[in-house]
Amino acid sequence: MNDSQVKINTTQTVVIIVNYMLGAGILTLPRTTSRAVGTPDVWISIILSGLIITGVGLIMVTLCRRFPDKNVFQFTGEITGRWIGYILGCATIVYFMVIAAFEIRVMADVTGMYLLERTPTWAIVMVFMWIGIYLISGGLAVIVRVFEVILPITLIIFVMEILLSNQLFEIGNLRPVLGEGIMPVIRGLKPSLLSYTGYEVMLVITAYMQNPKKSNKAMVWGLGISTSIYLITVVMVVGSLSLDGIKTRTWPTLDLVRSFEIQGLIFERFESLLLVIWIMQIFSTFAITHYLASVGIRDLFKAKRIRTIMYVLLPIIYLTAMIPKNVYETFALGDRLGDLSVILFAITPFILLVVSIIRKKGGTQT
């Protein structure tokens with residue numbers, strides 16, 4: 001398995017970004033943002049978050065394009081010096097590992113609650129982890145091919161199910177617009193950060209693009225598609241269940257799909273179908289973050305056998321996933337990850353870009 005020879009096109013890059021972003025956050029986004037905003041203006045927070053993250057993402061790919069064919073673990077040391085590069089690289093590796101653990105734990109919690117009742121969490125986690133190691137051991141080319149199958153199925157079924165819920169939708173639940181001013185909207189920006197994690201994949205994937213000049217295009221399209229899905233979800237959930245009805249629900253998106261049925265179709269209730277496709281989506285996020293953590297260790301410490309690294313990370317990710325004692329502790333872990341993502345992938349890339357320009361590190365953009 002030699003990923004250094006693998007090159008992916010712009011469309012495949014978009015697929016990776018969207019698959020990474022549409023993970024566990026979609027199930028909880030309406031609840032977390034609604035609690036923070038406290039008004040029906042949640043949808044405005046989603047749009048603003050998408051625009052902010054797009055700006056951050058463009059700064060990120062601008063940095064990456066200064067170092068052709070190198071990922072963040074390889075070029076950070078050139079900008080900051082060896083030891084700071086190691087510190088930032090290790091922090092990024094830990095972040096990817098914890099994201100992988102968080103996603104696999106959320107997947108186990110949702111599966112155990114709705115599909116496999118009374119099945120121990122550890123059993124669900126282990127099964128998905130072994131499937132994941134089977135996928136990523138094939139390398140980036142295999143991961144991309146699987147993602148290209150998963151994403152269209154996810155988007156078609158998800159949009160169909162959300163739009164079918166229009167029988168419950170009431171536009172009055174989204175009014176008044178900015179009834180309490182702009183501050184509630186601002187408060188809703190922070191909780192949405194975890195749902196927008198995924199753009200940081202470009203710190204690694206840009207090095208594998210056939211045409212890095214189109215990394216800006218890939219970032220904009222990837223974030224645009226994800227933001228559109230989030231916006232549709234929040235509008236339909238808030239419009240159907242009302243703001244007060246969302247705040248007390250753990251998985252409001254699933255509850256919306258469970259709250260209606262259509263007579264005469266092959267499927268009269270749709271929550272199981274949604275769960276299946278979203279388990280695939282959360283699995284995608286777990287797989288790519290496990291892979292990125294392995295790549296980070298390989299490139300930062302100049303190891304040769306990435307497959308060995310993948311297997312070594314398995315018990316570490318498993319133990320991390322089992323730390324939360326309940327779903328609320330899992331959500332708290334997600335909140336801390338959102339805070340960490342701001343430091344690592346919003347603030348740090350901007351500083352690295354400025355320093356690289358000042359110190360004249362890296363070539364002209366490809």
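Here is a walk through the structure above, from model confidence to the core, the cavities, the cysteines and a few individual residues.

The model is predicted, so local features need pLDDT of at least 70 and side-chain atom pairs count only at pLDDT 80 or more, while totals for chains, interfaces and linings use all residues. Residues are numbered from 1 along each chain as its sequence is written, and side-chain values use heavy atoms, with hydrogens and water left out.

Let's start with confidence. The pLDDT (the predictor's confidence in each residue, from 0 to 100) averages 84 over the protein, and 93% of the residues score at least 70. Helix α14, residues 306-321, has the highest confidence with a mean of 92, and helix α12, residues 252-258, the lowest with a mean of 76. Helices here are DSSP runs of H or I with at least four residues, numbered from the N terminus.

Next comes the interior. A nonpolar core is a set of buried Ala, Val, Leu, Ile, Met, Phe, Trp, Tyr and Cys residues joined through side-chain atoms within 4.5 Å. Buried means under 20% relative accessible area, exposed means over 50%, and partly exposed lies in between, for a 1.4 Å probe and protein chains only. The largest nonpolar core has 113 residues, and the members that touch the most others are Ile-16, Leu-140, Val-201, Trp-251, Trp-278, Ile-288 and Tyr-291. Take Trp-251 as an example: contact means heavy atoms within 4.5 Å, and beyond its neighbours within four places in sequence, Trp-251 is in contact with Leu-27, Thr-28, Val-106, Val-110, Met-113, Tyr-114, Val-327 and Phe-331.

Where is empty space left? Rolling a probe the size of a water molecule over the atoms shows this. On a 1 Å grid over the protein atoms alone, a cavity is a set of points where a 1.4 Å probe fits but cannot get out, and lining residues have an atom within 4 Å of a point. The largest share, five residues, comes from α15. Among the lining residues are Leu-63, Val-72, Leu-88, Leu-203, Phe-345 and Leu-352.

What about the cysteines? A disulfide is a covalent bond between the sulfur atoms of two cysteines, taken here as a pair of cysteine sulfur atoms within 2.5 Å. The search of the whole structure finds zero disulfides. Cys-64 is in none, and the nearest cysteine sulfur, that of Cys-90, is 18 Å away. Cys-64 counts as buried at 3% relative accessibility, whereas Cys-90 counts as partly exposed at 31%.

Ser-34 lies in helix α2, residues 25-37, and is buried with a relative accessible area of 0%. Away from its sequence neighbours within four places, Ser-34 is in contact with Val-42, Val-238, Leu-243, Ile-246 and Lys-247. Ser-34 and Arg-187 are 153 residues apart in sequence, yet 9.9 Å apart in space, C-alpha to C-alpha. Thr-39 sits in the loop between α2 and α3 and counts as buried at 4% relative accessibility. Not counting residues up to four places away in sequence, Thr-39 touches Glu-180, Pro-184 and Leu-243.

Finally, look at some backbone details. The peptide bond from Arg-175 to Pro-176 is cis, with omega near -5°, and Pro-176 is found in the loop between α7 (140-164) and α8 (183-187). Asp-69, a residue other than glycine, has a positive phi near 65°; Asp-69 is found in the loop between α3 (42-64) and α4 and is exposed, with a relative accessible area of 56%. Ser-242 also has a positive phi, near 75°. Ser-242 lies in the loop between α10 (215-241) and α11 (243-247) and is partly exposed, at 22%.

How values were computed: Helix = DSSP H or I, 4+ residues; strand = E, 2+ residues; numbered from the N terminus. 1 Å grid on protein atoms, 1.4 Å probe; cavity = no way out; pocket = protein on both sides within 12 Å on 5 of 7 lines; lining within 4 Å.
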